[in-house]
Amino acid sequence: MLTFKNFNIADWFSFYRILASPFLLFLIWFDQRLVFTWFLLISYATDAIDGYLARKLKITSPRGSQLDSFGDQMTFIIGLVGLYCFESAFIKSNIVLISIAFVPYVIQMLIAYFKYGKATAFHTYLAKLSAIIQSIFILYSLFFSPNDVLFYMMIVIGLLETCEEITLIFMYDKWTSDIKGIYWAIRDNRRMKKKSSDL
(Lines give C-alpha, C1' and ligand atoms only; values in the text may rest on other atoms or scores of the structure.)
Protein backbone atom coordinates (compact mmCIF):
# COMPACT_ATOMS: atom_id res chain seq x y z
CA MET A 1 0.00 0.00 0.00
CA LEU A 2 1.35 3.42 -1.00
CA THR A 3 1.82 5.98 1.76
CA PHE A 4 3.50 9.36 1.98
CA LYS A 5 6.23 7.86 4.16
CA ASN A 6 9.66 7.56 2.57
CA PHE A 7 8.65 8.92 -0.84
CA ASN A 8 11.76 9.78 -2.84
CA ILE A 9 12.10 12.62 -5.34
CA ALA A 10 11.21 10.40 -8.33
CA ASP A 11 8.04 9.27 -6.51
CA TRP A 12 7.00 12.88 -5.96
CA PHE A 13 7.26 13.65 -9.67
CA SER A 14 4.97 10.68 -10.31
CA PHE A 15 2.66 11.82 -7.55
CA TYR A 16 2.46 15.28 -9.18
CA ARG A 17 0.81 13.74 -12.26
CA ILE A 18 -1.87 12.17 -10.09
CA LEU A 19 -2.53 15.42 -8.19
CA ALA A 20 -2.59 17.40 -11.45
CA SER A 21 -5.35 15.25 -12.97
CA PRO A 22 -8.33 16.94 -11.21
CA PHE A 23 -6.89 20.37 -12.09
CA LEU A 24 -6.57 19.33 -15.74
CA LEU A 25 -10.20 18.19 -15.72
CA PHE A 26 -11.12 21.57 -14.25
CA LEU A 27 -9.40 23.30 -17.19
CA ILE A 28 -11.26 21.10 -19.67
CA TRP A 29 -14.58 21.89 -17.98
CA PHE A 30 -13.94 25.62 -18.36
CA ASP A 31 -12.77 25.23 -21.96
CA GLN A 32 -9.21 26.45 -21.26
CA ARG A 33 -7.59 24.59 -24.15
CA LEU A 34 -4.23 26.38 -24.27
CA VAL A 35 -3.70 26.39 -20.48
CA PHE A 36 -4.75 22.74 -20.34
CA THR A 37 -2.27 21.83 -23.07
CA TRP A 38 0.66 23.55 -21.34
CA PHE A 39 -0.09 21.84 -18.02
CA LEU A 40 -0.50 18.53 -19.82
CA LEU A 41 2.94 19.11 -21.33
CA ILE A 42 4.31 19.60 -17.80
CA SER A 43 2.74 16.30 -16.70
CA TYR A 44 4.33 14.50 -19.64
CA ALA A 45 7.67 16.12 -18.79
CA THR A 46 7.52 14.83 -15.21
CA ASP A 47 7.11 11.32 -16.60
CA ALA A 48 10.46 11.63 -18.36
CA ILE A 49 12.08 13.29 -15.33
CA ASP A 50 11.04 10.74 -12.70
CA GLY A 51 12.31 7.82 -14.75
CA TYR A 52 15.63 9.54 -15.37
CA LEU A 53 16.04 10.44 -11.69
CA ALA A 54 15.16 6.94 -10.52
CA ARG A 55 17.83 5.43 -12.76
CA LYS A 56 20.42 8.15 -12.18
CA LEU A 57 20.08 8.12 -8.39
CA LYS A 58 19.53 4.35 -8.29
CA ILE A 59 16.26 4.69 -6.37
CA THR A 60 14.11 2.42 -8.49
CA SER A 61 11.65 0.26 -6.56
CA PRO A 62 8.48 -1.77 -7.16
CA ARG A 63 6.52 0.93 -5.31
CA GLY A 64 8.00 3.64 -7.51
CA SER A 65 7.26 1.63 -10.66
CA GLN A 66 3.65 1.14 -9.58
CA LEU A 67 3.22 4.83 -8.74
CA ASP A 68 4.81 5.83 -12.04
CA SER A 69 2.48 3.54 -14.00
CA PHE A 70 -0.59 4.86 -12.18
CA GLY A 71 0.47 8.44 -12.89
CA ASP A 72 1.04 7.56 -16.55
CA GLN A 73 -2.42 6.00 -16.84
CA MET A 74 -4.09 9.00 -15.24
CA THR A 75 -2.25 11.42 -17.53
CA PHE A 76 -3.03 9.33 -20.62
CA ILE A 77 -6.74 9.20 -19.78
CA ILE A 78 -6.85 12.94 -19.06
CA GLY A 79 -5.08 13.60 -22.37
CA LEU A 80 -7.71 11.54 -24.21
CA VAL A 81 -10.52 13.35 -22.42
CA GLY A 82 -9.00 16.68 -23.41
CA LEU A 83 -8.58 15.51 -26.99
CA TYR A 84 -12.19 14.35 -27.12
CA CYS A 85 -13.50 17.64 -25.74
CA PHE A 86 -11.33 19.96 -27.85
CA GLU A 87 -11.13 17.86 -31.04
CA SER A 88 -14.42 15.97 -30.89
CA ALA A 89 -14.91 15.98 -34.68
CA PHE A 90 -11.62 14.15 -35.23
CA ILE A 91 -12.35 11.64 -32.47
CA LYS A 92 -15.83 10.86 -33.79
CA SER A 93 -14.56 10.42 -37.36
CA ASN A 94 -11.90 7.93 -36.17
CA ILE A 95 -13.84 6.22 -33.38
CA VAL A 96 -13.53 2.76 -34.98
CA LEU A 97 -9.72 2.85 -35.11
CA ILE A 98 -9.54 4.34 -31.63
CA SER A 99 -11.79 1.56 -30.29
CA ILE A 100 -9.66 -1.10 -32.00
CA ALA A 101 -6.65 0.23 -30.07
CA PHE A 102 -8.40 1.08 -26.80
CA VAL A 103 -10.41 -2.11 -26.24
CA PRO A 104 -7.31 -4.38 -26.10
CA TYR A 105 -5.78 -1.89 -23.64
CA VAL A 106 -8.82 -2.25 -21.36
CA ILE A 107 -8.63 -6.04 -21.71
CA GLN A 108 -4.94 -5.94 -20.75
CA MET A 109 -5.78 -3.87 -17.67
CA LEU A 110 -8.52 -6.31 -16.63
CA ILE A 111 -6.22 -9.32 -17.05
CA ALA A 112 -3.55 -7.62 -14.94
CA TYR A 113 -5.98 -6.74 -12.14
CA PHE A 114 -7.45 -10.25 -12.21
CA LYS A 115 -4.01 -11.89 -12.03
CA TYR A 116 -2.00 -9.43 -9.91
CA GLY A 117 -4.64 -7.28 -8.23
CA LYS A 118 -3.04 -4.16 -9.74
CA ALA A 119 -1.84 -2.66 -13.01
CA THR A 120 1.36 -3.82 -14.65
CA ALA A 121 4.56 -1.79 -14.47
CA PHE A 122 6.74 -3.58 -17.00
CA HIS A 123 8.03 -0.31 -18.49
CA THR A 124 9.15 -2.02 -21.69
CA TYR A 125 10.99 -0.20 -24.46
CA LEU A 126 7.87 -0.55 -26.60
CA ALA A 127 5.73 0.94 -23.83
CA LYS A 128 8.07 3.92 -23.57
CA LEU A 129 8.00 4.42 -27.34
CA SER A 130 4.21 4.17 -27.34
CA ALA A 131 3.95 6.74 -24.54
CA ILE A 132 6.22 9.14 -26.43
CA ILE A 133 4.20 8.83 -29.65
CA GLN A 134 0.92 9.23 -27.73
CA SER A 135 2.13 12.35 -25.95
CA ILE A 136 3.48 13.89 -29.16
CA PHE A 137 0.23 13.20 -31.00
CA ILE A 138 -2.00 14.54 -28.23
CA LEU A 139 0.10 17.65 -27.64
CA TYR A 140 0.46 18.37 -31.36
CA SER A 141 -3.29 17.94 -31.81
CA LEU A 142 -4.07 20.33 -28.95
CA PHE A 143 -1.48 22.97 -29.85
CA PHE A 144 -2.26 22.79 -33.58
CA SER A 145 -4.56 20.14 -35.07
CA PRO A 146 -4.55 16.30 -35.33
CA ASN A 147 -1.90 14.86 -37.62
CA ASP A 148 -2.89 11.68 -39.48
CA VAL A 149 0.64 10.24 -39.66
CA LEU A 150 1.15 10.61 -35.90
CA PHE A 151 -2.32 9.21 -35.31
CA TYR A 152 -1.71 6.02 -37.30
CA MET A 153 1.71 5.59 -35.70
CA MET A 154 0.09 5.89 -32.27
CA ILE A 155 -2.54 3.28 -33.11
CA VAL A 156 -0.10 0.71 -34.54
CA ILE A 157 2.56 1.08 -31.83
CA GLY A 158 -0.14 1.13 -29.14
CA LEU A 159 -1.55 -2.17 -30.38
CA LEU A 160 1.89 -3.78 -30.52
CA GLU A 161 2.68 -2.55 -27.02
CA THR A 162 -0.62 -3.87 -25.63
CA CYS A 163 -0.02 -7.29 -27.20
CA GLU A 164 3.45 -7.38 -25.64
CA GLU A 165 2.03 -6.41 -22.23
CA ILE A 166 -0.55 -9.21 -22.39
CA THR A 167 2.15 -11.70 -23.39
CA LEU A 168 4.33 -10.62 -20.45
CA ILE A 169 1.41 -11.00 -18.04
CA PHE A 170 1.12 -14.64 -19.06
CA MET A 171 4.88 -15.09 -18.81
CA TYR A 172 5.08 -13.88 -15.20
CA ASP A 173 3.04 -15.59 -12.50
CA LYS A 174 3.84 -12.86 -9.99
CA TRP A 175 3.78 -9.07 -10.43
CA THR A 176 7.14 -7.93 -11.76
CA SER A 177 8.39 -4.47 -12.70
CA ASP A 178 10.88 -3.07 -15.17
CA ILE A 179 11.03 -5.63 -17.98
CA LYS A 180 12.55 -4.29 -21.20
CA GLY A 181 10.51 -6.57 -23.43
CA ILE A 182 9.72 -10.16 -24.37
CA TYR A 183 13.29 -10.82 -25.55
CA TRP A 184 14.65 -9.86 -22.12
CA ALA A 185 11.81 -11.62 -20.28
CA ILE A 186 12.79 -14.94 -21.85
CA ARG A 187 16.24 -14.56 -20.25
CA ASP A 188 15.03 -13.03 -17.00
CA ASN A 189 16.48 -14.78 -13.94
CA ARG A 190 13.27 -14.11 -12.02
CA ARG A 191 11.41 -16.36 -14.44
CA MET A 192 14.23 -18.90 -14.57
CA LYS A 193 14.23 -19.24 -10.77
CA LYS A 194 10.48 -19.79 -10.81
CA LYS A 195 10.85 -22.54 -13.43
CA SER A 196 13.59 -24.22 -11.38
CA SER A 197 11.48 -24.20 -8.22
CA ASP A 198 8.60 -25.83 -10.09
CA LEU A 199 10.73 -28.79 -11.25
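Predicted model: local features only at pLDDT ≥ 70, side-chain atom pairs only at ≥ 80, totals over all residues.
Biologist: What makes up the chain, helices or strands?

Modeller: The chain has nine helices and zero strands. Of its 199 residues, 43% count as buried.

Biologist: Why is Arg-17 called buried?

Modeller: Buried means under 20% relative accessible area. Arg-17 has 1% relative accessibility, so Arg-17 counts as buried.

Biologist: How do you know that Asp-68 and Arg-17 meet in a salt bridge?

Modeller: A salt bridge needs a side-chain nitrogen of Lys or Arg within 4 Å of a carboxyl oxygen of Asp or Glu. For Asp-68 and Arg-17 the N to O value is 2.7 Å, so the pair meets the rule. Asp-68, at 11% relative accessibility, counts as buried.

Biologist: What does Arg-17 do with Asp-72?

Modeller: Their side chains also meet in a salt bridge, at 2.9 Å from N to O. This pair links helix H1 with helix H3, across 55 residues. Asp-72 has 23% relative accessibility and counts as partly exposed. Arg-17, Asp-68 and Asp-72 belong to a network of salt bridges that includes Asp-47.

Biologist: Why is Glu-87 called buried, and what is Arg-33 called?

Modeller: The cut-off for buried is under 20%, and partly exposed lies between that and 50%. Glu-87 has a relative accessible area of 16%, so it is buried. Arg-33 has 22%, so Arg-33 is partly exposed. The two side chains meet in a salt bridge of 2.9 Å, N to O. Glu-87 is in the loop between H3 and H4, while Arg-33 is in helix H2, 54 residues apart.

Biologist: What makes Phe-23 part of a surface patch?

Modeller: A patch residue needs over 30% relative accessible area and no salt bridge, and nonpolar side chains are joined within 5 Å. Phe-23 has 36%, so it passes the area cut-off. Phe-23, Phe-26, Trp-29 and Phe-30 form the nonpolar patch, with about 520 Å² of accessible area together. Phe-23 itself lies in helix H1.

Biologist: Which residues of the largest nonpolar core touch the most other members?

Modeller: Of its 22 residues, these are Phe-36, Leu-40, Phe-137, Ile-138 and Leu-142. Among the elements that give two or more residues to this core are H1, helix H2 and helix H6. A second, separate core has 10 residues, including Tyr-116 and Trp-175. In soluble globular proteins, nonpolar side chains tend to be buried together.

Biologist: How do you know that the span of helix H5 is close to the expected one?

Modeller: Helix H5 has 22 residues and reaches 31 Å from its first C-alpha to its last, against 32 Å expected at 1.5 Å a residue. Its buried residues include Ala-101, Tyr-105 and Met-109. Just after H5, Gly-117 takes a positive phi of about 85 degrees.

Conventions: Residues numbered from 1 in each chain as written. Heavy atoms only, no water. Patch = residues over 30% accessible without salt bridge, like charges linked within 9 Å, V, L, I, M, F, W, Y side chains within 5 Å. Areas by Shrake-Rupley, 256 points an atom, 1.4 Å probe, with all protein chains shown as cover. Helix = DSSP H or I, 4+ residues; strand = E, 2+ residues; numbered from the N terminus. Buried < 20%, exposed > 50% of the residue type's maximum accessible area, 1.4 Å probe, protein only. Expected span 1.5 Å × (residues − 1). Core = buried A, V, L, I, M, F, W, Y, C linked by side-chain atoms within 4.5 Å.
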